[in-house]
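Please walk me through this structure in a few paragraphs.

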Amino acid sequence: MAPVLAHLSLASAELPWKVPKTLSSSYKDKMQDEMVSAMLVGNPEFGAILESATYYVGLMVIRPGVDYPRHAHDAAETFSVLRGEATWWKEGEGTRVVRPGEAVVHESKRGHGVVTGEEELVCLYLWGPGGPGAELLGRYWFTNDEGGCVDCGISGMEWAKGGVCCVGCGR
Ligand SMILES: [Zn+2]
Ligand SMILES: [Zn+2]
């Protein structure tokens, strides 16, 4: 994982940098060489300094030129960009460039994805519960370009309104 952090002064800090692997095996396969994160608040088993079962807060670094696949999850998520810039896509809103000082919010089940620019992207992340039945470590699935589940096509927004996705009934 060292190359991801090669140009980052944070690399020398004693932070619990890890390749995220708790969300899903397919996520791990797609992203394990492209990003690292350090959990500061959350589960001490993942390195968190402050324990919380309700929120995960930490730092995330993604290599330049990486297409983080479009996906959705039960958790609600906020990213604040600290360094670098990226093109963010959000279901129902299209794409926009996000720069340091700006944040993106992904509501529960809402499809989203990011393509990083020419520099490493460094973000602060906040993961929290997405509402009733949408837990912090709930479901996680990849979506097509419109935000529909890659397996059944139902979008997170439709699902949130009462549609049934294969992810939802498959567990
Ligand atoms: Zn996400
Ligand atoms: Zn589905």
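V41 touches A48, L50, S52, Y55, Y56 and V57, leaving aside residues up to four places away in sequence; contact here means that two C-beta atoms, placed from the backbone, lie within 7 Å. V41 belongs to strand β2. Its C-alpha atom is separated by 7.0 Å from that of Y55, which is 14 residues apart from V41 along the chain. V41 has 16 other C-beta atoms within 10 Å, and is therefore partly exposed. On this scale a residue is buried if 20 or more other C-beta atoms lie within 10 Å of its own, exposed if 12 or fewer, and partly exposed in between, with C-beta atoms placed from the backbone.

The model is predicted: local features need pLDDT of at least 70, side-chain atom pairs count only at pLDDT 80 or more, and totals for chains, interfaces and linings use all residues. Residues are numbered from 1 along each chain as its sequence is written, while chains are lettered from A and ligands numbered from 1 in the order in which they are written.

The chain holds three helices and 12 strands. Both are DSSP runs numbered from the N terminus, helices being H or I with at least four residues and strands E with at least two. Of the 171 residues in the chain, 32% are buried. Among contacts between residues at least 6 apart in sequence, 62% join residues at least 24 apart.

What lies inside? The largest nonpolar core has 22 residues, and V61, I62, V81, A86, W88 and L121 touch the most other members. A nonpolar core is a set of buried Ala, Val, Leu, Ile, Met, Phe, Trp, Tyr and Cys residues joined through C-beta atoms within 7 Å. Two or more residues of this core come from each of β2 (35-42), β4 (56-62), β6 (76-83), β7 and β11 (121-128). L121 is in contact with V61, I62, V81, G84, A86 and T116, not counting residues up to four places away in sequence. There is also a second, separate core of six residues, including A72, W141, C165 and V167.

Two strands count as paired if DSSP finds at least two bridges between them. In general, the strands of a sheet pair through backbone hydrogen bonds, either parallel or antiparallel.

Five strands make up an open sheet, in the order β8-β7-β10-β5-β12, with antiparallel pairing. β8 and β12 (140-142) stand at the edges with a single partner strand each, so one side of each has no neighbour in the sheet. From one strand to the next the twist averages 25 degrees, where axes are lines fitted to C-alpha atoms, for helices over the stretch in contact, and angles run from 0 to 180 degrees between N-to-C directions.

Within this sheet, β10 (residues 112-116) pairs with β7 in the antiparallel sense over five bridges. T87 has V115 of β10 as its bridge partner. β10 is also joined to β5 (residues 67-73) by three bridges, again antiparallel. V115 is the bridge partner of D67, and H71 stands opposite H112. Four of the five residues of β10 are buried, so this strand is largely enclosed by the rest of the structure. β5 is mostly covered too, with five of its seven residues buried. Three bridges link β5 to β12, and these strands run antiparallel; H73 has Y140 of β12 as its bridge partner.

Two loop residues complete the picture. E93 lies in the loop between β7 (86-90) and β8 (94-98). Is E93 buried or exposed? It counts as exposed because it has 11 C-beta neighbours inside 10 Å. The C-alpha atoms of E93 and H112 are separated by 9.7 Å, the two residues being 19 apart along the chain. K109 is in the loop between β9 (103-106) and β10. K109 has 31 C-beta neighbours inside 10 Å and therefore counts as buried. K109 also has a positive phi of about 70 degrees, although it is not a glycine.
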